[in-house]
Amino acid sequence: MRKVAFITGAGGFLGSESARSLARQGIAVAVCDINPDTVKATVDSIKAFGGEAFGMVFDVSESKEVDAAVEETVKRYGRLDIMIHMAGGSARIAGKDAKYLPLAEQEDYVIDRVLKVNLYGAFWATRAAARQMIKQGEGGKIINVSSTVGVNGLAWSSDYAASKGGIMSMTKALAKELGPHKININSVAPGVVCRDTVDTSTPEGRAYAYDTNLFGDKCTAEDIANLVDFLVSDKARFITGQTYICDGGRALSMKGTD
Ligand SMILES: NC(=O)c1ccc[n+]([C@@H]2O[C@H](COP(=O)([O-])OP(=O)(O)OC[C@H]3O[C@@H](n4cnc5c(N)ncnc54)[C@H](O)[C@@H]3O)[C@@H](O)[C@H]2O)c1
């Protein structure tokens with residue numbers, strides 16, 4: 001039976017990689033993002049290798065839009081087996097004028113947006129997916145993407161840290177609710193994942209890519225997609241309520257993420 005995945009933030013750096021990785025395994029993917037251009041790019045990249053995908057553009061912080069998108073996925077593909085909430089980010093998702101600032105100086109709209117997209121989005125996407133999976137009665141896999149910032153904290157990003165820490169706590173609580181339905185819920189916490197746009201020939205680029213982990217190597221979007229692949233696979237059938245850090249050991253630093 002063909003499995004079906006619903007991925008928020010699937011137009012982004014990590015989400016698009018996971019969408020392609022699941023599609024390569026024969027999983028049909030609902031590619032969700034607020035950005036129509038990147039939704040199209042991800043869908044096209046999946047179709048280019050013969051994978052199955054369709055795109056939906058909506059705001060994951062709006063629960064009704066998320067419910068409608070899950071309904072549309074089920075209408076299109078007949079079921080839902082996997083939900084991955086990747087949409088999110090720190091202050092910059094609140095708009096081009098939003099800044100990283102100490103809490104004492106931060107504005108309402110930035111804190112509001114970061115919490116709404118990262119944490120409320122996780123609630124809406126998880127709830128909509130869980131309702132459908134419970135109805136199907138065949139279990140399912142849910143992943144919410146957090147961050148090592150949620151583990152260790154980061155100055156000038158307390159909104160982001162709280163949203164990602166919230167994801168880890170909800171993961172534990174919901175494992176207890178969803179376990180009886182054979183639904184696994186886990187969280188993936190990346191550290192510094194190096195984008196292709198980082199120029200690693202400059203000293204700053206090299207430091208960012210190679211000095212932010214214990215391997216002196218670059219963490220790629222594929223490293224995160226590999227972890228997601230495992231957690232949504234049958235091989236992870238007995239794993240639930242956990243947060244898996246993928247950061248090359250960076251979060252072990254006594255100084256935290258800084
Ligand atoms: N890249 C990293 O180094 C890193 C590290 C730790 C955690 N993370 C987390 O991983 C996830 C993906 O990060 P990324 O690097 O791919 O970022 P990205 O900016 O490339 O992708 C995020 C995607 O979310 C979408 N999005 C933003 N607001 C939305 C909304 N309201 N509704 C629907 N979609 C929305 C954006 O359009 C974008 O395509 C995020 O949750 C981020 O916090 C990333």
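Modeller: Two strands are taken to pair if DSSP finds at least two bridges between them. The model discussed here is predicted.

Colleague: How many bridges join strand β1 to β4, and how do the two strands run?

Modeller: Strand β1 covers residues 4–8, and strand β4 covers residues 82–85. Within this pairing, A5 has I82 of β4 as its bridge partner. The strands run parallel, and the bridges that join them number four.

Colleague: Are the residues on the two faces of strand β4 buried or exposed?

Modeller: In a regular strand, side chains alternate between the two faces of the sheet. In β4, I82 and I84 lie on one side, with M83 and H85 on the other. A residue counts as buried if 20 or more other C-beta atoms lie within 10 Å of its own. Both faces of β4 are covered, and these four residues are all buried.

Colleague: Why is the protein chain described as being as compact as a globular protein of its length?

Modeller: The protein chain contains eight helices and seven strands. For 258 residues the globule rule gives 18 Å, and the chain is as compact as a globular protein of that length because its radius of gyration is close to this value, at 18 Å.

Colleague: What percentage of the residues in the protein chain is buried?

Modeller: The C-alpha atoms fill a box of roughly 50 × 40 × 35 Å along the principal axes. Of the 258 residues in the chain, the buried share is 46%.

How values were computed:
Residues are numbered from 1 along each chain as its sequence is written. This is a predicted model: local features need pLDDT of at least 70, side-chain atom pairs count only at pLDDT 80 or more; totals for chains, interfaces and linings use all residues. A residue is buried if 20 or more other C-beta atoms lie within 10 Å of its own, exposed if 12 or fewer, and partly exposed in between; C-beta atoms are placed from the backbone. The radius of gyration is taken over C-alpha atoms; the globule rule is 2.2 Å times the number of residues to the power 0.38.
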